[in-house]
Amino acid sequence: MALYKLDEYNPNYNDEIFNGNDIKSFDVYADDDRVGSVVNILVDENDGRFRYFIIDTGFWIFGKKVLLPVGLARLDYENKHLFVPKLTKEQVKNLPEFSEDLAIDNDYEEQVRGVYRPLVPSVMPGMLGTPALYNYTLEPYFYELNDPNFRTYEENLRNRRNPNRAKI
């Protein structure tokens, strides 16, 4: 499984996918506090689905970049905000840092999911535990898109796959 940055997966994503509304300019809020901004989205090479927002926490956590599973976000297109209810500064501090040259593997993703699991009410023990056998359908609350516009963007992206993309 490889993940690609959105602009590498499809360099024309802004016009083709988001109709000129670049999601990478959205501010990120945890409850009422601004915690950073979206700098990119990671896309799954296997099925073209959005998996994570890359968030630059800016001043909130001294410029640390982290991953946010797309299913935890609520989008406000009018105000260009992305909300993550119940997210705490402590949780963000505990997230492994994301960097451009990082090779994302199952262990890294499990560290990310482990920090976010307290935000979801229905984690079922026993389904998790073996990262090598993990697939995204095991925890749909992290990866299913609830927002109909964002789901449409993903479908448009999947229909316009770019074979000349660079892996992360």
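Buried here means under 20% relative accessible area, exposed over 50% and partly exposed in between, with a 1.4 Å probe and protein chains only.

This is a predicted model, in which local features need pLDDT of at least 70 and side-chain atom pairs count only at pLDDT 80 or more, while totals for chains, interfaces and linings use all residues. Residues are numbered from 1 along each chain as its sequence is written, and side-chain values use heavy atoms, leaving out hydrogens and water.

Next, centre on F150. Leaving aside residues up to four places away in sequence, F150 touches F18, I23, I41, F50, F53, V70, L75, Y77 and L145; contact means heavy atoms within 4.5 Å.

The whole structure holds ten aromatic pairs (Phe, Tyr or Trp rings, the six-membered one for Trp, with centres within 6.5 Å; planes under 30 degrees apart are stacked, over 60 edge-to-face, the rest tilted). Y4 and Y9 form a tilted pair, because their centres are 6.1 Å apart and their planes at 50°. Y9 is buried at 0% relative accessibility.

Now select Y136 and Y143, whose centres lie 4.6 Å apart with planes at 70°, so this pair is edge-to-face.

Finally, display K86, where phi is near 70°, a positive value in a residue other than glycine. K86 is exposed, at 56% relative accessibility.
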